[in-house]
Amino acid sequence: PGPMPLKEWNFYQFQCDHYVLQMTLGHLSYIGQMAVTLMDIETGEKWSYSTMKPLFVPKLDLDAEKPSICRYANDECRLQFTVKEDKRILALKGHSNDYDVIEVKLVVENDPSNEKMVIATPFDKASQFYLNYKENYYKATGYARFGDNYVAFKDATGLLDWGRGVWPYSHEWYWGNLTSHIDGVPFGLNIGWGFGDTSHASENMYFYNKKAYKVGELIGEWNDNDLMAVKHFRSNDGKLAFTFTPFWDNYTFNEFVVVDTHCHQIFGRFSGTIETENGVKEFKDVVAFIEHAVNRW
């Protein structure tokens, strides 16, 4: 298919109390990007730095788990993701027109033995695919500073969304992810639909005590005209059931030449049950998100 449809990214998100930190490094073949955003999901305040570099492709890792270093730098900021056997170090340092100082450093516990979600999703064309790796229940400690705004992250929980693929130019997806604990035991949830051909396999699964549990078809309702409505979901095999109560829409968009992206990342509270080897476990009012993205890139 040629190099132009290739899309690659490493996306991290960590949450500590009512603060969420997102860090992205990736490219769309014809343009490279780095972006870091700090959000207060209670007030809706956001502090961010992002840049796009046309005709630039950053060198990314070929394996999400093996030791590696990924970098992106310009005259203002330098972003680096370092993966070691026992930890990941995510760092940004620099400045911008909006902030005299921008600094982010997170030290993330890394356990390659964690079970995670890995899927190769096909599209209508045989040459198109999406190889996606998602790992939950990372723990991180560090800080983020945007000018005078400083937030310490202690025992933050988070996820890695690692993607490599050749996609159609126009596409959309629905994706939900949760990382938390149930009575001190690591717990994660990943759901998704509306993207590619999922007739043979989906990315619907949950994680408990670092073990993955695959679930069947997700049954529920989603109304794009009423994003803040309470939503109910269950898997057709009965292993998963939950209610999602939204409270904030982190809407983002980007229109840059041939890039046109729109995403409603809805934060809310998840309450429900999962089936595990140790019986049914209940989770209540866990803050996480479900998003709907419509893109052309």
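This report describes the nonpolar cores, the pockets, the cavity and several individual residues of a predicted model.

## Nonpolar cores

The largest nonpolar core comprises 36 residues. Within this core, the residues with the most contacts are Phe14, Leu21, Met23, Phe146 and Phe153. In general, nonpolar side chains tend to be buried together in soluble globular proteins.

Once neighbours within four places in sequence are set aside, the contacts of Phe146 are Val36, Leu38, Trp47, Ser48, Tyr49, Tyr99, Val101, Ile102 and Val104.

## The largest pocket

The largest pocket holds about 1,200 Å³ of space. Its lining consists of 50 residues, and those nearest the centre are Phe11, Thr24, Gln33, Thr252 and Cys263. Strand S3, which spans residues 31-40, gives the most to this lining, with seven residues.

Sorted by class, the lining of the largest pocket contains 23 nonpolar, 21 polar and six charged residues.

## The second largest pocket

About 160 Å³ of space lies in the second largest pocket. Its lining is formed by Gly192, Trp193, Thr198, Ser202, Asn204, Glu217, Leu218, Ile219, Gly220 and Phe233. Two elements give two or more residues to this lining, namely strand S13 (185-193) and strand S16 (218-220). Of the elements, S16 gives the most, with three residues. The class composition of the lining is four nonpolar, five polar and one charged.

Because its relative accessible area is 16%, Ser202 is buried, the cut-off being under 20%. The side chain of Ser202 reaches the backbone nitrogen of Asn204 at 3.2 Å. With the side chain of Lys214, the side chain of Ser202 makes a polar contact at 3.1 Å. Not counting residues up to four places away in sequence, Ser202 touches Ile119 and Lys214.

The structure holds one cavity of 30 Å³ or more. The volume of the largest cavity is about 80 Å³. Lining this cavity are Gln13, Phe14, Gln15, Thr157, Gly158, Leu159, Asn177, Leu178, Thr179, Val287, Ala288 and Phe289. The elements that give two or more residues to the lining are strand S1 (6-16), strand S11 (149-166), S12 and strand S20 (279-296). By class, the lining divides into six nonpolar, six polar and no charged residues.

Ser180 counts as buried because its relative accessibility is 18%, below the 20% cut-off. Leaving out residues up to four places away in sequence, Ser180 touches Val185, Pro186, Phe187 and Val286.

## Asp285 in strand S20

Strand S20 contains Asp285. With a relative accessible area of 45%, Asp285 is partly exposed. Beyond its neighbours within four places in sequence, Asp285 is in contact with Arg269, Phe270 and Ser271.

Asp285 and Val101 are separated by 184 residues in sequence and by 35 Å in space, taken from C-alpha to C-alpha. Val101 is itself one of the residues in contact with Phe146.

## Positive phi in two loops

Most residues other than glycine have a negative phi. Asp17, which is not a glycine, has a positive phi near 55°. Asp17 is placed in the loop between S1 and strand S2 (19-27), and Asp17 counts as exposed at 67% relative accessibility.

Asn209 likewise has a positive phi, of about 55°, although it is not a glycine. Its position is in the loop between S14 and strand S15 (211-214). Asn209 is partly exposed, with a relative accessible area of 49%.

How values were computed. Residues are numbered from 1 along each chain as its sequence is written. This is a predicted model: local features need pLDDT of at least 70, side-chain atom pairs count only at pLDDT 80 or more; totals for chains, interfaces and linings use all residues. Side-chain values use heavy atoms; hydrogens and water are left out. A nonpolar core is a set of buried Ala, Val, Leu, Ile, Met, Phe, Trp, Tyr and Cys residues joined through side-chain atoms within 4.5 Å. Buried means under 20% relative accessible area, exposed over 50%, partly exposed in between (1.4 Å probe, protein chains only). Contact means heavy atoms within 4.5 Å. On a 1 Å grid over the protein atoms alone, a cavity is a set of points where a 1.4 Å probe fits but cannot get out, and a pocket is an open set with protein on both sides within 12 Å along at least five of seven lines; lining residues have an atom within 4 Å of a point. Grid points are joined across faces, edges and corners, and a volume is the space filled by probe spheres set on the points. Helices (H or I, at least four residues) and strands (E, at least two) are DSSP runs, numbered from the N terminus. Ala, Val, Leu, Ile, Met, Phe, Trp, Tyr, Cys and Pro count as nonpolar, Asp, Glu, Lys and Arg as charged, and the others, Gly among them, as polar. A polar contact is a pair of N or O atoms within 3.5 Å; within protein, one must be able to donate a hydrogen and the other to accept it, and residues adjacent in sequence count only if both atoms are side-chain atoms.
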